[in-house]
Amino acid sequence: MLEGKARVEDTDMPPRMQAAATSAASRALDLFDVADCRGIAGHIKAEFDKRYGVGWQCVVGANFGCFFTHTSGTFIYFSLERLSFLLFKAAAAAAASTS
């Protein structure tokens, strides 16, 4: 397990789900080379799809911009080691929040 602690920049997730997200990221960094952002993101997405139902999206990298619509209560943006992580569940049009 990595020594670094995740730094949550913004979220609307419940604390337990936030902990699951940062733990999934830490496990992914143990399994994949830090340069394999696509593999890391895929691993985190698969974990959340399995645990919380399908529809999760994950972006991992050192530098990216984004604009998206998400289901309320499912968004987190955090950093761990030298990477940033964006995880959210895609929104149905009627129940969306924009971040």
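The model is predicted, so local features need pLDDT of at least 70 and side-chain atom pairs count only at pLDDT 80 or more, whereas totals for chains, interfaces and linings use all residues. Residues are numbered from 1 along each chain as its sequence is written, and side-chain values use heavy atoms, with hydrogens and water left out.

In soluble globular proteins, nonpolar side chains tend to be buried together. A nonpolar core here is a set of buried Ala, Val, Leu, Ile, Met, Phe, Trp, Tyr and Cys residues joined through side-chain atoms within 4.5 Å; buried means under 20% relative accessible area, exposed over 50%, and partly exposed in between (1.4 Å probe, protein chains only). The largest such core has 21 residues, and the members that touch the most others are Met-13, Ile-40, Ile-44, Phe-48, Val-60, Phe-85 and Leu-87. Two or more residues come from each of helix 1 (15-31), helix 2 (37-52), strand 2 (56-61), strand 4 (76-80) and strand 5 (83-89). Helix 1 gives the most, with seven residues. Helices (H or I, at least four residues) and strands (E, at least two) are DSSP runs, numbered from the N terminus. Leaving aside residues up to four places away in sequence, Phe-48 is in contact (heavy atoms within 4.5 Å) with Met-13, Met-17, Ala-20, Ala-21, Ala-24, Gly-53, Trp-56 and Leu-87.

Charged residues come next. A salt bridge is a side-chain nitrogen of Lys or Arg within 4 Å of a carboxyl oxygen of Asp or Glu, and the count comes to three. Glu-47 pairs with Arg-27, the closest N and O atoms being 2.3 Å apart. This pair links distant parts of the chain, since Glu-47 lies in helix 2 and Arg-27 in helix 1, 20 residues apart. Within helix 2, Asp-49 and Lys-45 are separated by about one helical turn because they are four residues apart; their salt bridge spans 2.6 Å, N to O. Asp-49 is buried at 18%, while Lys-45 is partly exposed at 28%. Glu-9 bridges to Arg-7 at 2.7 Å between the closest N and O atoms.

The structure has zero disulfides, a disulfide being a pair of cysteine sulfur atoms within 2.5 Å. The sulfur of Cys-58 is 9.9 Å from the closest cysteine sulfur, in Cys-37, and is therefore too far for a bond.

Finally, Glu-81 is found in the loop between strand 4 and strand 5. Its phi is near 55°, a positive value in a residue other than glycine.
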